[in-house]
Amino acid sequence: MCRTAPDSEAEFRFALTRVGADGVVTGRAQAVNFVRGATAESGIAGCHVTAFDGDGKERLAQWLSAHVAAVAGVPLTEQEARDIVSGPSLV
């Protein structure tokens with residue numbers, strides 16, 4: 001969440017953490033859109049990751065796969081969850 005629309009012309013550094021998971025994902029990203037929230041002081045920026053540091057891309061894929069498996073309406077194997085995260089959208 002952010003209060004003002006980020007500059008869509010400039011890359012910025014980011015750091016992501018996940019509750020209950022070790023490590024941090026860092027890198028650079030660029031804002032691609034901004035949706036104002038219910039109040040003037042809130043909003044959500046959509047971002048495109050332009051570069052990951054170290055093993056960040058793999059760590060993020062692991063986190064997302066674990067999330068997909070945890071919330072799926074049907075049982076998924078680890079590989080099926082990984083395929084959903086890395087493949088084209090199924091929606």
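Colleague: Why is Phe14 called buried?

Modeller: Buried means under 20% relative accessible area, exposed over 50% and partly exposed in between, with a 1.4 Å probe and protein chains only. Phe14 has a relative accessible area of 13%, so buried is the word. Keep in mind that this is a predicted model: local features need pLDDT of at least 70, side-chain atom pairs count only at pLDDT 80 or more, and totals for chains, interfaces and linings use all residues. Residues are numbered from 1 along each chain as its sequence is written, and side-chain values use heavy atoms, leaving out hydrogens and water.

Colleague: And what makes Phe52 partly exposed?

Modeller: Its relative accessibility is 28%, so Phe52 counts as partly exposed.

Colleague: How do you know that Phe14 and Phe52 form an aromatic pair, and why edge-to-face?

Modeller: Rings of Phe, Tyr and Trp (its six-membered ring) pair if their centres lie within 6.5 Å; planes under 30 degrees apart are stacked, over 60 edge-to-face, and the rest tilted. Here it's 6.4 Å centre to centre and 85° between the planes, and that makes Phe14 and Phe52 an edge-to-face pair. Phe14 lies in strand S1 and Phe52 in strand S3, so the pair ties together parts 38 residues apart in sequence.

Colleague: What makes something a strand or a helix here?

Modeller: They're DSSP runs numbered from the N terminus: helices are H or I with at least four residues, strands are E with at least two.

Colleague: How do you know that the length of H1 agrees with what it should span?

Modeller: The expected span is 1.5 Å times one less than the number of residues. For the 16 residues of H1 that should be 22 Å, and the end C-alpha atoms are 23 Å apart, which agrees.

Colleague: What makes up the largest nonpolar core?

Modeller: A nonpolar core is a set of buried Ala, Val, Leu, Ile, Met, Phe, Trp, Tyr and Cys residues joined through side-chain atoms within 4.5 Å. The largest has five: Phe14, Val25, Ala29, Leu60 and Trp63. Strand S2 (25–36) and helix H1 (56–71) each give two or more of them.
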